[in-house]
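Please look at the sequence and the structure shown here. A short report on selected parts follows.

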Amino acid sequence: MAKVLTNMALGGFALVIILGLVVVTKTLLHTPPPFDDIAAVDIQLDEANLAANLSAAIRFKTISYQASTGKQNTEFSDFIAWVIATYPEVNQVLELELLNQSMLYKWQGLDTTLKPILLTGHYDVVPVIPGSEDKWQQPPFSGNIVDGVIWGRGALDDKSGVVGILQAVTYLLDQGFQPQRTIYLSFGHDEEIGGRNGAGAVTALLKQQGVQLAWSLDEGSFVFDGIFPGLETLLASINVAEKGSVTLDIVATAPGGHSSMPPRNNAVSDLAKAITKLQDNPVPGGLSGLSTQMFDNVSRYMPFTMRGLFANQWLFGPIIDQQLSASTTTNAMLRTTTAPTMLSGSVKTNVLPIEAIATVNFRIHPRDNMQSIENYVTQLVASDTISVRRRGGINASAVSDWQASGYAAIAQSMREVYGDIAVAPGLMIAGSDSKHYGQVADNAYRFNPFILTSQDLTGFHGTNEKISVQNFAQGVRGYIQVIRNGSRR
Ligand SMILES: [Zn+2]
């Protein structure tokens, strides 16, 4: 008997050793792909001129308001006139078509057998929240340049994209560059309110002309600096899809009556239970497909222990899942998120509600869709007194190919500008105009070639939006390389 036990202990011991060896070996093999010999580019730019142009662009109050009132149309037409006056070379060589207040340029390529590509951004911006103006270190529409930093609404989202593309094209035209592929540039005027009249109209026109793009590059993710925990190198996170959104009303009904003799449960308490149940049961998700690909790529650049975790997902999958789900940012990459946002109940303090409604917004992961989310919620909370109503929404976009030549061109361009950095496909949590452009593109990528630090995050739709002159210039180099590399593949 003792001998059997000893043998079992020895067997267990051997198993642990073997397991340990497998884990360590897999970790050691989990390294970044070899860096191909990519030559750094030397692009001389007049940085003061770049900065002055972005600064001027920021000064136009091209604000999109949620309500149709408040929009200052002349700011938009003045911006268009400014683009035409400031970029004469672009306007000489490229063909411009105005769709509502969006600008579509066509740069004819030499080889008409190749599918065209599209570089795009939007020049409308969100308003500055009234009362937050004095929290800005520089006025939000000043475009002030202080100590090498350009300040103002749109510095990151997304006038730097629009002006960056125009500067890149101007540089290339000065160099006598002619693209092989036809290149479209599109600058939307209503992205912040859904893009229907801008990107939507451009997409409809391209469709009507029978244009199918090889790929498009829109705003999206950035070159992350210190944003991804545990990652010591820069990460160009090229978004290959964007999440959808569906809003559901959870409706609780009850007989109502006077609040002086309440029943044990009423519409409000039933609704509260339903919301709690929703919160306690997140939509199933986890590492698969795109999410796996992203974390697999990124973790190769992480310290040994983190690499060990991701290299051995067969063993540590549940731990990784738990860790990533605990953080709001990474959780949003793994699953459809649940966010109760609005509540309503009775109209009077002493009247029991006959109806109580919770509005819940779900941001849809590409693996789910509006119907599957509605089914999931219904199955979870619906009862005799609780029903689920859909308000509206949009499915997630298709997932673009991260093995395709467009992705490779963008990745290569970033390495020519930033050196041996990590590049990984990502998922866009917010929306972009590419929900429209994606309809006429084989692949739609969403990425800005500028560096973004965690301090910059509060600038998006918030306060103190800014970009350094140096960073802006690097991004312009990024766009130049994207055009050079992308137009010849
Ligand atoms: Zn934007």
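## The zinc site

In this predicted model, the zinc ion is coordinated by His-122 (NE2), Asp-157 (OD) and Glu-219 (OE, OE), at 1.9 to 2.7 Å. Donors are N, O and S atoms within 2.8 Å of the metal (3.2 Å for Na, K and Ca); water is not among the atoms, so sites may look incomplete. The angles among the four donor atoms run from 53 to 151 degrees, and the site is irregular. Four donors count as tetrahedral if all angles lie between 85 and 135 degrees; four count as square planar and six as octahedral if opposite donors are over 155 degrees apart and all others between 65 and 115; anything else is irregular.

His-122 lies in strand 3 (residues 117-122) and Glu-219 in strand 7 (residues 213-225), so the pair ties together parts that are 97 residues apart in sequence. Helices (H or I, at least four residues) and strands (E, at least two) are DSSP runs, numbered from the N terminus. Both His-122 and Glu-219 are buried (buried means under 20% relative accessible area, exposed over 50%, partly exposed in between, with a 1.4 Å probe and protein chains only). A cis peptide bond, with omega of about 5 degrees, joins Asp-157 and Asp-158.

An open sheet has four strands in the order 11-13-9-14, with antiparallel pairing. Two strands pair if DSSP finds at least two bridges between them. Strand 11 (337-344) and strand 14 (386-394) are the edge strands, each pairing on one side only. Strand 11 is joined to strand 13 (residues 355-364) by seven bridges, and Leu-343 stands opposite Ala-358 in strand 13.

Helix 12 (residues 370-381) lies across strands 9, 13 and 14, at about 165 degrees to strand 14. Axes are lines fitted to C-alpha atoms, for helices over the stretch in contact (heavy atoms within 4.5 Å), and angles run from 0 to 180 degrees between N-to-C directions.

Asn-100 has a positive phi of about 55 degrees although it is not a glycine; for Asn-464 the positive phi is about 60 degrees. Is each one buried or exposed? Asn-100 is exposed, with a relative accessible area of 52%, while Asn-464 counts as buried at 16%.

## Notes on the model

Residues are numbered from 1 along each chain as its sequence is written, and side-chain values use heavy atoms, leaving out hydrogens and water. Local features need pLDDT of at least 70, side-chain atom pairs count only at pLDDT 80 or more, and totals for chains, interfaces and linings use all residues.
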